[in-house]
Amino acid sequence: MGVNVGMRAIVLDPDECATDAAAATSVQASDGTTVVITISSTDVSTLLAEGSGITRQPPGPEVLLTKDFIVYTSPDTQVLTTTVAGTEVTIHATPVSYTWNWGDGTTTTTTDPGAAWPDQTLTHRYTRTAADVTTTLTTTWKATYTPNGGTTTPVVGTITTTNTTTPYNIVRTITYLTDHAETQKRH
């Protein structure tokens, strides 16, 4: 699964930007006027629509009941761009916590994004078989914004994004003991 990191541009209408409890900063426009820039957590959530992504191991359609299910996500800060009142604004959104809903009624909240096998740090072990299970990741982000020519300002509040895996089945292995002689007789 790809991880969403990089630059993206969206133009925000300053009249539609939420100003309740949002920190503002001012910049000098090219015509000499002062422009007040405000970016709210709602504005950032519009830009940060894809979240941090989920990678799971094993990646196939089945997870074994007796084995650890490994998950991880990208801890990278996402750099986003937008334009407000004709001024380019750069936003840095950094994940601060991750809540994993395992699809079996349990959740885990952590600041650890996890890691791939063999260095896994975030695992889950299922206790019963099930079909069409999904794991959902809710990532909580803090953000700052910097208008071109302005100062870096924290975005008030947090932003959350949600990613969900494709469905998988939780299965158990069944072992059959056979007699070598029976195998030779093709029984």
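Which residues do ring pairs link into a cluster? The answer comes in point 2, after a word on the model.

1. **Basis.** This is a predicted model, in which local features need pLDDT of at least 70, side-chain atom pairs count only at pLDDT 80 or more, and totals for chains, interfaces and linings use all residues. Residues are numbered from 1 along each chain as its sequence is written, and side-chain values use heavy atoms, with hydrogens and water left out.

2. **Aromatic cluster.** Ring pairs join F69, W100, W102, Y126 and Y168 into a cluster. Rings of Phe, Tyr and Trp (its six-membered ring) pair if their centres lie within 6.5 Å; planes under 30 degrees apart are stacked, over 60 edge-to-face, and the rest tilted. The rule gives 5 aromatic pairs. One is F69 with Y126, tilted, at 5.8 Å centre to centre and 50° between the planes. F69 sits in strand β6, while Y126 is in the loop between β10 (123-124) and β11 (130-133), 57 residues apart. Helices (H or I, at least four residues) and strands (E, at least two) are DSSP runs numbered from the N terminus. Both F69 and Y126 are buried. Buried means under 20% relative accessible area, exposed over 50%, and partly exposed in between (1.4 Å probe, protein chains only).

3. Y168 belongs to strand β15 (residues 168-171) and F69 to β6, so the pair ties together parts 99 residues apart in sequence. F69 and Y168 are buried.

4. **Sheet around β6.** An open sheet of 3 strands runs in the order β4-β6-β10, with antiparallel pairing. Two strands pair if DSSP finds at least two bridges between them. β4 (55-57) and β10 are the edge strands, each pairing on one side only. Between β4 and β6 there are 3 bridges, and the two run antiparallel. R56 has V71 of β6 as its bridge partner.

5. **T73.** Leaving out residues up to four places away in sequence, T73 touches S52, G53, Y98, W100, P113 and L137. Contact means heavy atoms within 4.5 Å.

6. **Cores.** The largest nonpolar core has 16 residues. Such a core is a set of buried Ala, Val, Leu, Ile, Met, Phe, Trp, Tyr and Cys residues joined through side-chain atoms within 4.5 Å. I37, I39, V44, V89, I91, A143 and Y145 have the most contacts inside it. At least two residues each come from β3 (34-38), α1 (41-47), β7, β8 (87-101) and β12 (136-147). Contacts of V89 beyond four places in sequence include I37, L80, V84 and Y145. Another core, of 14 residues, lies apart; among its members are Y98, W100, W102 and L137.

7. **R172.** R172 is in the loop between β15 and α2 (180-184). At 51% relative accessibility, R172 counts as exposed. Its C-alpha atom is separated by 5.7 Å from that of L64, 108 residues apart along the chain. Neighbours within four places aside, R172 is in contact with L65 and T129.
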